[in-house]
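Hi,

Here's the structure I promised to pass on. Have a look first, and my notes follow below.

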Amino acid sequence: MFKGNVDLNHITEEMLYRLKFTEHTNTVYSGGYWKSLGVAVPDYPHEAPWVWQVFEDDCPPWVKECKFKFPWLKYSVVTVNKLMPGRFIAPHVDTLYKLRKNVEDQGYDTIDLLPVRINLFLQDRLMGHYFEMDNNTWLDYKKGDFTIIEKDVPHLVANLGYEPRFTMQITGYAKKEDIT
Amino acid sequence: MIKYGNIKIDIPNAQLENIRFQDYFQCYQQYEALEKYYTEHNSSIWQMFEDSPDWVHNLANLIPQDFDHHVVSVIKINPGQTIPHHVDKHFKLKQEHGDGESYRYLIFLEDWKRGHYYEVHDQPFTKWKAGDWVKFGIDDWHIAGNMGDEPFYSAQVTVLTNV
């Protein structure tokens, strides 16, 4: 698992708690992951697989400015996720379809570039907060730590604690050498 | 002090699936912050105690023999369910056998599967092998949960040493 760190000391807990989330997304179908495996959708309790999200256009300036921490990432868009206690995003893969479609529509040059998602932790890991990718876990992350989620790599996140879990996803195109 | 170890077990998945659990209940919330988020829908588990199959009772013979009395149970956590942050007071064991030092051996019955999670005293624990155990006491806060797509089976041997 790729592990990096950027300085996010300017981001306070109050900034996180003041974010306005515009979407409450149900993830039970895992973006078609279960279908692709040919298995039934797990019988998760209705209220568990939900995540609050706010996307690029609705994010405040301080969120969008985080993109500058990753100058090697091209054509990037940002999302913030808030996972409440007892909630999780079940195993899934990111197809990065929206990004790829947008780049294609705009006619951007993607030669030698890969579509990737940066998962940026906005808090030190708190009790019950969980990240797992490709059967590897990251259980001691700090605020500002990030990893790279490549297209079609299974991962899941969860919050089994009692405080909200905030992460940022910055999705764009990168050269292989920048993410290895 | 939290201790870790391993016992040799080989329990086929079919044997776990065949356990006839009868008690399905919501885990209790030990402080207010949890009550807001954990409900009967996302924090309920299957558990079997003295009626557990013989092989569950026999697990008590495999762990370190550092106790005078014990009780066993087996737990099935279905996908999407969490046992929220809590401590165990081993009330039943002490009621039956008197006061003393008590601990719990949590024994993982299968190799770790994605989305299966355990944390004790702020120490996350994943990627276990079948037979791995964690021994912890009555003041060790812990959590377990299953965000994967297969049930999470564990056994508990709760032990008491009279003092």
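How many residues does the contact take from chain A and from chain B? Chain A puts in 25 residues and chain B puts in 24 residues, where two residues are in contact if their C-beta atoms, placed from the backbone, lie within 7 Å.

Before the rest, some ground rules. This is a predicted model, so to speak with its own limits: local features need pLDDT of at least 70, side-chain atom pairs count only at pLDDT 80 or more, and totals for chains, interfaces and linings use all residues. Residues are numbered from 1 along each chain as its sequence is written, while chains are lettered from A and ligands numbered from 1 in the order in which they are written.

On confidence, the model has an ipTM of 0.84 and a pTM of 0.89. Chain B has an average pLDDT of 94, with 100% of its residues at 70 or above (pLDDT is the predictor's confidence in each residue, from 0 to 100).

Back to the contact, which takes 25 residues from chain A. Strands E5 (87–92), E7 (129–133) and E10 (155–159) of chain A each give two or more residues to the side that touches chain B; strands (E) are DSSP runs of at least two residues, numbered from the N terminus. E5(A) has the largest share of that side, three residues.

E5(A) also belongs to an open sheet of four strands, in the order E5-E10-E7-E8 (chain A), with antiparallel pairing; strands pair if DSSP finds at least two bridges between them. E5(A) and E10(A) are joined by four bridges, and His92(A) stands opposite His155(A) in E10(A).

Cheers
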